[in-house]
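This report describes how the parts of one protein chain are arranged and how they meet. The sequence and structure are shown first.

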Amino acid sequence: MRVVKFEKKNTEKLFDVLSRFGEVWSPMEKGESYSYQKIEDSNNFIFHEEVTRTILPEKKLLLPQKFPTLKFNSKKYEKPNEEIPTKILFGIHNCGISALNILDEFYTTDFVDADYQQRRNKLIIVGVSCIADEHCFCDKTNTNIVEKGYDIFFADLCNYYLVWIGTSKGDDIIRMGEDMGIFDANIPGDVTNKYAEYRKRNRESYCNDIDLEGSTDLMELSHDAEFWQELGDICLSCGQCTMVCPTCTCYNVIDEIDLNKDTGQRIRYWDSCLFKDFSLTAGDHNFRAARSERLKLWYTHKLKAFIGKFGAPSCVGCGRCIVTCPVDINIKTVAEKLKKKRAL
Amino acid sequence: MSNKPTLGIFGFTGCAGCQLALLNCEDQLIDLFEAADIKVFYEAMSNNDDGAEVDIALVEGSINTDKQKEELFHIRKKAKTLVAFGSCASYGCVQAMAYGDGKWEERFRKVYGDVEFAVGKAFEAQPIHKFVKVDATIPGCSPATHQMLTAITKLLNGNLPVYTNAPVCLECKLHENECLLNKGILCLGPLTQGGCTAPCISHNTPCVGCWGIIEEANHSAEIELLIENGYKIEDIIRKFRIFGGSKISEQYTKLWRL
């Protein structure tokens with residue numbers, strides 16, 4: 001793997017280089033938070049030093065919140081023939097890249113989700129290192145340093161960025177940047193020290209005292225614990241946790257027919273297992289009619305179920321559920337309940 | 001002789017804004033007029049054929065007098081499919097904000113005295129399902145263009161509209177809004193049936209619940225959260241009641257004990 005050096009003063013030129021490969025998307029301020037937005041102006045192209053916990057995670061670029069997945073008429077159906085633009089996701093952090101690695105496995109193992117795959121093929125991942133805030137806990141989910149899943153990754157060594165190149169597409173971008181003089185293949189001699197300091201800085205930035213140790217087994221042991229009912233009593237069923245979770249994948253499809261025509265479209269949109277109708281089946285049976293059952297399902301999925309199939313839990317420690325749930329049901333508070341379940 | 005399905009659009013007590021919302025779909029009106037043979041459209045037509053049999057009747061407004069009740073029975077008899085069109089018809093809406101408090105007669109006398117009404121004997125605003133079988137609902141005060149036209153298209157094709165039982169929060173989050181409850185603002189999103197596409201919250205204005213209460217609304221959890229944020233119980237209940245209509249007193253009688 002080739003490594004190059006990048007200096008912050010070349011940020012504007014970097015935007016110029018990336019723009020030649022496609023649309024540049026990056027976290028932009030939205031209210032008191034952030035949102036991944038298309039960057040049109042180099043002034044908005046920033047190496048954020050703070051945590052940019054976007055309201056919606058990276059998945060919105062791969063499977064948009066609501067889109068037509070099929071068009072049909074009374075005789076045939078076909079995929080909408082819209083042009084999918086190449087997008088460069090700049091400023092994604094380790095947790096986000098880890099989430100995309102999980103989504104890649106989920107959507108392309110056994111059965112390939114064509115809607116996902118066609119957008120994934122057109123997505124270039126440009127990661128940037130970060131320093132944790134009080135809600136981050138990717139150190140506890142082992143997603144604080146990624147070794148795969150990016151095309152390029154910028155690690156902040158204070159005086160300069162060390163740039164990892166993960167794919168040949170990433171290499172194309174770096175080579176163009178080298179031609180424009182913004183990347184330097186000569187790495188300073190003290191780089192290993194600097195890199196060790198960078199890892200230490202990252203490690204020491206975490207202050208979220210969430211305790212996930214043993215949570216996978218505790219989920220199994222707590223299947224009938226009383227606290228699920230308590231959480232079910234206070235859950236608003238708003239579904240925000242599933243919308244903001246970077247590894248939640250549930251969706252629904254509805255067919256919409258055009259008025260006075262024989263044409264229509266099949267709409268695919270994000271759904272949530274926290275909604276009652278999600279588990280409604282034919283004959284009006286609902287196998288998860290109680291809110292507590294649905295909450296338990298979600299936390300089982302995050303902390304346990306994914307391991308059997310893919311070898312790791314599907315929580316990446318981004319902290320979105322912690323900052324989003326209005327009634328404080330999140331991975332942290334559930335982990336606390338798991339540990340103290342008999343003491344309630 | 002036309003093969004088009006016949007449609008009647010009727011109105012009772014309310015602001016007539018649901019009919020207006022339909023009339024306001026200017027880009028789709030020609031398609032609607034071509035797809036359906038409209039026999040009655042109170043707000044848009046003269047020479048309404050009130051006695052006509054229709055495949056689909058959209059009924060707007062709540063029922064407030066015995067005369068309206070008779071008219072509603074008549075519409076039901078003549079319609080194959082009867083649809084509650086908008087919040088007033090579905091659950092009473094704002095004119096039913098004090099629904100079931102037992103003080104309607106008193107209020108009525110205070111406002112009108114002993115006047116005899118030409119429109120029939122009056123009573124507390126009632127949703128239409130109190131008197132007749134309702135086959136489908138188009139929710140909203142007033143209904144949203146896309147949801148309304150999708151529902152009407154389904155009806156014209158002989159199907160009933162289907163809605164996801166999801167709160168306003170779904171569409172609010174799909175628009176990537178910050179949660180107003182987390183900012184300490186009294187927002188009824190989690191308690192309210194979605195389908196409106198969350199325009200209010202997307203413009204930084206809290207949800208007032210005008211699509212009606214969602215089946216699974218967790219009022220007590222929201223009350224607890226709002227009290228923690230410094231709201232008074234009376235103010236919270238008043239807010240719930242504005243668009244709560246008959247649903248709130250039917251489904252959540254336990255609330256009034258608070």
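Which domains does the domain assignment of chain A give? In this predicted model, the assignment gives domain 1, covering 3-204, and domain 2, covering 215-343. Between the C-alpha centres of domain 1 of chain A and domain 2 of chain A there is a separation of 26 Å. To the contact, domain 1 of chain A contributes 38 residues and domain 2 of chain A contributes 34 residues.

The extent of the interface may be considered next. The size of an interface is often expressed as the accessible area lost when the parts come together. For domain 1 of chain A and domain 2 of chain A, the buried area is about 3100 Å², and carbon and sulfur atoms give 62% of it. On the side of domain 1 of chain A, the residues that lose the most area to domain 2 of chain A are A:K59, A:F72 and A:F137, which together make up 20% of what that side buries.

Polar interactions also link the two domains, as tabulated here for the interface of domain 1 and domain 2 of chain A.

| Interaction | Count |
|---|---|
| Salt bridges | four salt bridges |
| Polar contacts | 23 residue pairs |

A salt bridge joins the side chains of A:D113 and A:R268, with an N to O distance of 2.9 Å. On the side of domain 1 of chain A that touches domain 2 of chain A, β4 (66-73) and α2 (94-108) of chain A each supply at least two residues. By class, that side of domain 1 of chain A has 18 nonpolar, 10 polar and 10 charged residues.

Conventions: Residues numbered from 1 in each chain as written. Chains lettered and ligands numbered in written order. Predicted model: local features only at pLDDT ≥ 70, side-chain atom pairs only at ≥ 80, totals over all residues. Heavy atoms only, no water. Domains from an automatic or database assignment. Contact = heavy atoms within 4.5 Å. Buried area = accessible area lost by both parts, 1.4 Å probe. Polar contact = N/O pair within 3.5 Å; in protein donor to acceptor, adjacent residues only side chain to side chain. Helix = DSSP H or I, 4+ residues; strand = E, 2+ residues; numbered from the N terminus. Nonpolar A, V, L, I, M, F, W, Y, C, P; charged D, E, K, R; others polar.
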